[in-house]
Protein chains: 2
Amino acid sequence: MTTKPMLADPMPPDIAPIENVPLRVQVADRLRSAILSGRLRPGTGLVETALAEQMNVSRAPIREAIQILENDGLVETIAYKGKRVKPLTAREVAETYSLREVFEVMAVRRILENGAPLDLLREHCDAMTAAAEADDFEALVAADEAFHHALIMLADHDLLLASWKNLYLRIHQIMALRNRDEHNLTEVAGNHPPIVQALADGDADRAVKLISDHTRILAAFDPATIAQDL
Amino acid sequence: MTTKPMLADPMPPDIAPIENVPLRVQVADRLRSAILSGRLRPGTGLVETALAEQMNVSRAPIREAIQILENDGLVETIAYKGKRVKPLTAREVAETYSLREVFEVMAVRRILENGAPLDLLREHCDAMTAAAEADDFEALVAADEAFHHALIMLADHDLLLASWKNLYLRIHQIMALRNRDEHNLTEVAGNHPPIVQALADGDADRAVKLISDHTRILAAFDPATIAQDL
DNA sequence: CACTTATGGATTGTCGACATTACACAACAG
DNA sequence: CTGTTGTGTAATGTCGACAATCCATAAGTG
């Protein structure tokens with residue numbers, strides 16, 4: 001023991017839960033949030049010294065945070081030149097959605113094989129229709145993601161879940177970058193219940209086709225508005 | 001200009017291409033190789049100071065190298081406790097193979113849709129039968145990987161390729177850890193030509209079934225010999 | 001003896017400084 | 001004027017030292 005008394009407080013009541021979150025994680029979270037929200041656009045250069053001064057931390061956590069984002073596929077390095085937010089090509093957007101389709105089809109298949117309960121999915125369906133009626137766009141998007149997230153989780157496959165989450169990061173970014181067309185999405189809300197019904201009926205072919213079409217429609221939302229270069 | 005002359009040599013003829021490979025990458029490569037070869041078994045602790053002294057570099061490159069391996073899914077961190085080679089559970093092995101199956105099925109479908117040329121696959125098939133006749137186990141394994149690698153590449157999908165490569169890292173590790181049963185593999189070599197034939201015939205259902213069964217057989221090779229804990 | 005409470009050692013987390021590299025721009029020869 | 005050659009600057013790459021944290025073990029108390 002050197003500096004702090006540290007006695008008492010067997011459990012910090014509730015407030016100030018813990019700050020044991022490493023700086024690099026905090027920095028990574030902030031940067032990721034900035035990228036996913038579109039505030040840091042693809043192609044933007046990430047200068048370590050600038051970020052370090054801006055956030056009042058050393059360069060080491062910044063470097064490690066950027067590397068975390070690199071692992072997420074959101075940042076790319078050009079050795080000795082610098083790091084930048086990974087440009088989003090139309091091809092990459094298309095690939096992201098096609099891979100997502102494969103993941104969700106896999107999830108549907110596994111759900112049918114394992115006979116997972118479908119209550120969660122029904123709840124999210126209800127939440128989505130409620131949000132649609134209330135004209136709450138944010139809630140609608142959130143409910144949609146919750147539905148798909150639940151779908152993947154019910155597949156009971158950790159690797160699939162991790163891969164899907166990683167992929168969905170890019171989808172977040174894409175959605176933030178395109179100009180949202182709200183009207184289309186509300187009608188897509190109606191796609192979910194039939195999927196759940198097909199699952200309940202144990203109709204693999206129908207369920208796969210429905211989820212496949214559904215994700216493909218979502219992909220089609222993206223006009224190739226995203227044409228980043230540099 | 002400070003120390004090095006650096007004139008002449010508009011192009012270093014061929015020898016000594018460059019050593020501009022960052023230390024962290026060198027360290028990461030060494031560690032990855034050690035893990036994939038089984039020399040660093042799952043559960044082994046990775047102590048930064050020890051590795052730093054052992055490799056005569058500072059801790060910074062070691063830390064960043066370990067983080068790279070973490071991104072590869074080969075290492076996991078327990079904050080303030082240490083990093084260790086990620087334990088391989090039977091479940092994770094199964095999940096790895098099942099995800100691989102989905103990837104390869106996706107590749108097959110895309111190859112049929114795009115009408116990719118199949119010459120490469122045929123070459124690797126020949127190499128495999130040749131290796132089988134020569135009783136060269138190493139070459140057999142290499143040819144097998146080359147075949148599947150080519151299959152994925154022909155799908156012309158960068159994200160799929162990256163995901164597959166990442167997944168295959170774990171497969172390398174798994175193969176290094178299990179006691180190899182050579183005899184079974186030689187007979188599996190025979191699975192490849194029919195796959196290529198089905199692709200040539202444009203028979204999607206048959207090709208998908210064949211590649212699916214094939215990868216599933218490879219998975220079955222693993223008795224759950226791998227029971228790492230800690 | 002059981003249980004709490006210090007304390008020491010080992011390991012990761014963070015920092016600031018220095019070394020190395022690449023690029024851009026100016027100086028200069030032809 | 002054009003091409004080349006030197007420099008300077010800004011960024012990343014690397015290093016060693018210090019701070020914070022956790023774990024195990026021992027000391028103390030009822």
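This is a predicted model: local features need pLDDT of at least 70, side-chain atom pairs count only at pLDDT 80 or more; totals for chains, interfaces and linings use all residues.
**Entry 1: chain A as a whole**

I take a contact to mean heavy atoms within 4.5 Å. In that chain, 74% of the contacts with a separation of 6 or more come from residues 24 or more positions apart.

Next I looked up the elements. Chain A holds 10 helices and 3 strands. Read from the N terminus, their order is α-β-α-α-β-β-α-α-α-α-α-α-α. I also noted burial: of the 230 residues in chain A, 46% are buried.

**Entry 2: H1 against H7 in chain A**

How do H1(A) and H7(A) pack, and at what angle? Helix H1 covers residues 23–36 of chain A and helix H7 covers residues 158–177 of chain A; the angle is about 45 degrees and the axes are 8 Å apart. That makes H1(A) oblique to H7(A). On the H1(A) side I found A:Arg32, A:Ile35 and A:Leu36, and on the H7(A) side A:Leu169, A:His172, A:Gln173 and A:Ala176. Sorted by class, this contact has 4 nonpolar, 2 polar and 1 charged residues.

**Entry 3: a histidine in H5**

I went to A:His124 next, which sits in helix H5 (residues 119–133) of chain A. Is A:His124 buried or exposed? Its relative accessible area is 19%, and buried means under 20%, so A:His124 counts as buried. I then listed its partners, leaving aside neighbours within four places in sequence: A:His124 is in contact with A:Ala143, A:Ala146, A:Phe147 and A:Ala150.

A reminder to myself: most residues other than glycine have a negative phi.

A:Asn56 is not a glycine, yet its phi is positive, at about 60 degrees. I found A:Asn56 in the loop between helix H2 (48–55) and helix H3 (59–71) of chain A. With a relative accessible area of 70%, A:Asn56 is exposed.

A:Asp135 also has a positive phi, of about 60 degrees, and is not a glycine. Where is A:Asp135? It lies in the loop between H5 and helix H6 (137–154) of chain A. A:Asp135 counts as exposed, at 66% relative accessibility.

**Entry 4: H3 in chain B**

Over to chain B. Helix H3 (residues 59–71) of chain B has 13 residues. From its first C-alpha to its last, H3(B) reaches 18 Å, close to the 18 Å expected at 1.5 Å a residue. Which residues of H3(B) are buried? I wrote down B:Pro61, B:Ile62, B:Glu64, B:Ala65, B:Ile66, B:Gln67, B:Ile68 and B:Leu69. Just after H3(B) comes B:Gly73, with a positive phi of about 80 degrees.

**Entry 5: a valine in S3**

I picked B:Val85, which lies in strand S3 (residues 82–85) of chain B. B:Val85 is buried, and its relative accessible area is 0%. What does B:Val85 contact, leaving aside its neighbours within four places in sequence? The list is B:Ile35, B:Leu40, B:Arg41, B:Pro42, B:Gly43, B:Thr44, B:Leu46, B:Leu74, B:Val75 and B:Gln173. For one of these, B:Leu46, I looked up the spacing: B:Val85 and B:Leu46 are 39 residues apart in sequence, and their C-alpha atoms are 7.3 Å apart in space.

**Entry 6: H4 against H10 in chain B**

Last helix pair. Helix H4 (residues 90–114) of chain B packs on helix H10 (residues 204–220) of chain B at an angle of about 155 degrees, with axes 9 Å apart. Why do I call the pair roughly antiparallel? Angles over 145 degrees count that way, so H4(B) is roughly antiparallel to H10(B). The crossing of H4(B) and H10(B) is right-handed.

From H4(B), the residues in this contact are B:Tyr97, B:Arg100, B:Glu101, B:Glu104, B:Val105, B:Val108, B:Arg109 and B:Leu112. They meet B:Ala204, B:Ala207, B:Val208, B:Ile211, B:Ser212, B:Thr215, B:Arg216, B:Leu218 and B:Ala219 of H10(B). By class I have 10 nonpolar, 2 polar and 5 charged residues for the contact of H4(B) with H10(B).

I also stopped at B:Asp213, which is in helix H10 of chain B. At 30% relative accessibility, B:Asp213 counts as partly exposed. B:Asn191 is 22 residues from B:Asp213 along the chain, and their C-alpha atoms are separated by 9.3 Å.

Definitions and conventions
Residues are numbered from 1 along each chain as its sequence is written. Chains are lettered from A and ligands numbered from 1 in the order in which they are written. Side-chain values use heavy atoms; hydrogens and water are left out. Axes are lines fitted to C-alpha atoms, for helices over the stretch in contact, and angles run from 0 to 180 degrees between N-to-C directions. Helices (H or I, at least four residues) and strands (E, at least two) are DSSP runs, numbered from the N terminus. Angles under 35 degrees count as roughly parallel, over 145 as roughly antiparallel, 65 to 115 as roughly perpendicular and the rest as oblique. A crossing is left-handed if the near helix is turned anticlockwise from the far one by less than a right angle, and right-handed if clockwise. Ala, Val, Leu, Ile, Met, Phe, Trp, Tyr, Cys and Pro count as nonpolar, Asp, Glu, Lys and Arg as charged, and the others, Gly among them, as polar. The expected span of a helix is 1.5 Å times one less than its number of residues. Buried means under 20% relative accessible area, exposed over 50%, partly exposed in between (1.4 Å probe, protein chains only).
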